[in-house]
Amino acid sequence: MIKLNTDFLRTVNGILKIAEFVLILILLMIIRFGGASHHALSLGSVNDSFLGQGTVVGYAIIVPAIVVTYLLGGNVSILEMVINLIGGVLFLVVGGLAIAHNGRIANGSLFAVGMLSVVTGLVFLADLGWLVKHTKFSFQTRT
């Protein structure tokens with residue numbers, strides 16, 4: 001029988017992962033249904049929309065996978081730190097693009113996406129900072 005490490009959810013890292021996932025789900029719903037007549041929301045140009053939708057959908061898959069890894073007993077990895085760094089940068093860029101194109105959409109969805117993306121990016125960077133500060137790595141050298 002598999003025993004889940006639910007204690008992880010009560011740690012700072014667990015709370016940050018839950019916050020990331022909730023923010024990403026909210027962004028996913030706004031982008032999917034926030035456009036005209038409840039169609040997908042355009043984030044500006046085709047390239048901007050592709051970047052925004054790809055970032056949100058990609059991290060909607062990645063973050064739950066990391067949470068499941070922790071629940072199954074996994075530990076912090078360098079890969080998670082890289083994912084947090086890239087996620088922080090991507091969400092800040094998507095937020096900036098959405099806010100820059102906000103004048104085109106009158107219903108406020110694009111501004112909401114912009115602000116939530118910036119907040120999500122900052123949460124990813126806070127998660128990265130916390131991991132860097134509280135993780136001890138040991139490296140083995142081969143001779």
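Which residues in α2 meet residues in α3? The answer comes in the second legend, after a look at the whole chain.

This is a predicted model, in which local features need pLDDT of at least 70 and side-chain atom pairs count only at pLDDT 80 or more, while totals for chains, interfaces and linings use all residues. Residues are numbered from 1 along each chain as its sequence is written, and side-chain values use heavy atoms, with hydrogens and water left out.

**Figure 1. The protein chain has 4 helices and 0 strands.** Here helices (H or I, at least four residues) and strands (E, at least two) are DSSP runs, numbered from the N terminus. Starting at that end, the order of elements is α-α-α-α. Along the principal axes, the C-alpha atoms fill a box of roughly 60 × 40 × 20 Å. Of the 143 residues, 36% count as buried; buried means under 20% relative accessible area, exposed over 50%, and partly exposed in between (1.4 Å probe, protein chains only). Contact means heavy atoms within 4.5 Å. Among contacts between residues at least 6 apart in sequence, 76% join residues at least 24 apart.

**Figure 2. Helices α2 and α3 cross at roughly 150 degrees, and their axes come within 10 Å.** That angle makes α2 roughly antiparallel to α3. Axes are lines fitted to C-alpha atoms, for helices over the stretch in contact, and angles run from 0 to 180 degrees between N-to-C directions. Angles under 35 degrees count as roughly parallel, over 145 as roughly antiparallel, 65 to 115 as roughly perpendicular and the rest as oblique. Now for the opening question: Asp 48, Leu 51, Gly 52, Thr 55, Val 56, Tyr 59, Ile 62, Ile 66 and Tyr 70 are the α2 residues, and they meet Glu 80, Ile 83, Ile 86, Gly 87, Leu 90, Phe 91, Val 93, Val 94 and Leu 97 in α3. By class, this contact has 13 nonpolar, 3 polar and 2 charged residues. For the classes, Ala, Val, Leu, Ile, Met, Phe, Trp, Tyr, Cys and Pro count as nonpolar, Asp, Glu, Lys and Arg as charged, and the others, Gly among them, as polar. The crossing of α2 and α3 is left-handed; a crossing is left-handed if the near helix is turned anticlockwise from the far one by less than a right angle, and right-handed if clockwise.

**Figure 3. Helix α1 (residues 12-33) packs with helix α2 (residues 46-71) at about 150 degrees, with axes 9 Å apart.** The two helices are therefore roughly antiparallel to each other, and their crossing is left-handed. On the α1 side, the residues in contact include Phe 21, Ile 24, Leu 27, Leu 28 and Ile 31. Their partners in α2 include Val 56, Val 63, Pro 64 and Val 67. Sorted by class, the contact of α1 with α2 has 14 nonpolar, 3 polar and 2 charged residues.

**Figure 4. The axes of α1 and α3 come within 14 Å and cross at roughly 40 degrees.** This makes α1 oblique to α3. The crossing is left-handed. From α1 come Asn 13, Lys 17, Glu 20, Ile 24 and Leu 27, and from α3 come Glu 80, Asn 84 and Phe 91. By class, the contact has 3 nonpolar, 2 polar and 3 charged residues.

**Figure 5. Helix α3 (residues 78-100) reaches 33 Å from its first C-alpha to its last.** With 23 residues, α3 is close to the 33 Å expected at 1.5 Å a residue; the expected span is 1.5 Å times one less than the number of residues. Among the buried residues of α3 are Met 81, Gly 87, Gly 88, Phe 91 and Ala 98. What covers the buried residues of α3 includes α1, α2 and α4.

**Figure 6. Asp 127 is found in helix α4 (residues 109-134).** The 26 residues of α4 should span 38 Å at 1.5 Å a residue, and the end C-alpha atoms are 37 Å apart, which agrees. The buried residues of α4 pack against α1, α2 and α3, and they include Val 113, Gly 121, Phe 124 and Leu 128. Is Asp 127 buried or exposed? Asp 127 is buried, because its relative accessible area is 0%. Not counting residues up to four places away in sequence, Asp 127 touches Asn 13, Leu 16, Lys 17, Glu 20, Glu 80 and Asn 84.

**Figure 7. Ile 18 lies in helix α1.** Its relative accessibility is 40%, so Ile 18 counts as partly exposed. The C-alpha atoms of Ile 18 and Thr 143 are separated by 42 Å, and these residues are 125 residues apart along the chain.
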